[in-house]
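Let's take a walk through this model together. Keep the sequence and the 3D view open while you read.

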Number of protein chains: 2
Amino acid sequence: MAKRRNDALPALSDAEWKVMRALWARHPATARELLAALTTETGWAYTTLRTLLARLVEKGAVSESKEDGTSVYEPLLREDRARSTAVRSLLERAFDGGFGSLVHFMLENEELSSRDRTELERMLLESKKKGSRS
Amino acid sequence: MAKRRNDALPALSDAEWKVMRALWARHPATARELLAALTTETGWAYTTLRTLLARLVEKGAVSESKEDGTSVYEPLLREDRARSTAVRSLLERAFDGGFGSLVHFMLENEELSSRDRTELERMLLESKKKGSRS
DNA sequence: CCCATGCTACTACACGTGTAGTAGGCGTCA
DNA sequence: TGACGCCTACTACACGTGTAGTAGCATGGG
């Protein structure tokens, strides 16, 4: 069997995304440290964060190690993997699983600000210019 | 105050998206008709679909009218509004609320197939060609 | 030596979501 | 006219998620 690289990519809930963002931004980190980083955004109680971290550990998205009796966390799931999963999920729910229809939507839809659309086009030009990267 | 156009856009769950897709594809429609359209994809029981429809009606995403004693459904939420909400939600969860970082991600990330990236670029060229749409 | 603090482990609980089931009414075909 | 089938209204129930609370152990300061 060997790799099995796509073995259950965990889908993150909203609150879990917040935790992961904090953890990606600075890790390893203790719950206290994460709470400090998240408190203005969320106002969570310490135990709330601990619950979320425990769930993330269960999901395999975060590792927990005891450092001197205190839990220290480290992300296992990488941000781009998580993003990828989230994008795929959106595509399947709302865009026929198709990538093109998302882009099409982004380009055509009024509700995405025209500033956004401009940015999109700029990025694409930029990307073309720079060739197919790597 | 006046407009308040963004007054609670309903977020759709996965199953609800399926219903809405069927309904957008063909409406007005009865539950039976929708079930017929959805049955291979979902295998839902009739009552399951009814439950989902009821929830969508509650959310204001679908209208229900009695036609001769039988419920007939019509989408109230338009597909592009729903898509827009979903995209915004993704951006906020996973892409700093920023549109650019999503595009950037799409262009840079290996996990979106290169077929996808190719399609993206094609669409953009096409869109540029056609100008900024009427 | 004992209390305040801080950490961990476990529990709680409401609401959303996926997925139905049951009861009861109505038309229709035999 | 009674059984069959279809529809509606209501109920159920497990699991995920958001958001904590409580109990109990350790440790350091007075």
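Helices (H or I, at least four residues) and strands (E, at least two) are DSSP runs, numbered from the N terminus. With that in hand, look at the DNA: α3(B) gives the most to the surface near DNA strand C, with 6 residues. A quick word on ground rules: this is a predicted model, where local features need pLDDT of at least 70 and side-chain atom pairs count only at pLDDT 80 or more, while totals for chains, interfaces and linings use all residues. Residues are numbered from 1 along each chain as its sequence is written, chains are lettered from A and ligands numbered from 1 in the order in which they are written, and side-chain values use heavy atoms, leaving out hydrogens and water.

**Around the DNA**

A residue is near a strand if one of its heavy atoms lies within 4 Å of it. By that rule 19 residues surround DNA strand C, and the closest are R32(A), R50(A), S71(A), S13(B) and T51(B). At least two residues each come from α3 (46–59) and β3 (70–75) of chain A, and from α1 and α3 (46–59) of chain B.

| Side chain | Atom of DNA strand C | Distance |
|---|---|---|
| R32(A) | phosphate oxygen | 2.5 Å |
| S13(B) | phosphate oxygen | 2.5 Å |
| T48(B) | sugar or linking oxygen | 2.7 Å |

**Two helices in chain B**

Now turn to α1 (residues 14–25) and α2 (residues 31–42) of chain B, which pack at about 135° with their axes 10 Å apart. That angle makes α1(B) oblique to α2(B); oblique covers whatever is left after under 35 degrees (roughly parallel), over 145 (roughly antiparallel) and 65 to 115 (roughly perpendicular). The axes are lines fitted to C-alpha atoms over the stretch in contact, with angles from 0 to 180 degrees between N-to-C directions.

Contact means heavy atoms within 4.5 Å. On the α1(B) side, K18(B), V19(B), R21(B), A22(B) and L23(B) meet L34(B), L38(B), E41(B) and T42(B) in α2(B). By class, that contact has 5 nonpolar, 1 polar and 3 charged residues.

Conventions
Ala, Val, Leu, Ile, Met, Phe, Trp, Tyr, Cys and Pro count as nonpolar, Asp, Glu, Lys and Arg as charged, and the others, Gly among them, as polar. A polar contact is a pair of N or O atoms within 3.5 Å; within protein, one must be able to donate a hydrogen and the other to accept it, and residues adjacent in sequence count only if both atoms are side-chain atoms.
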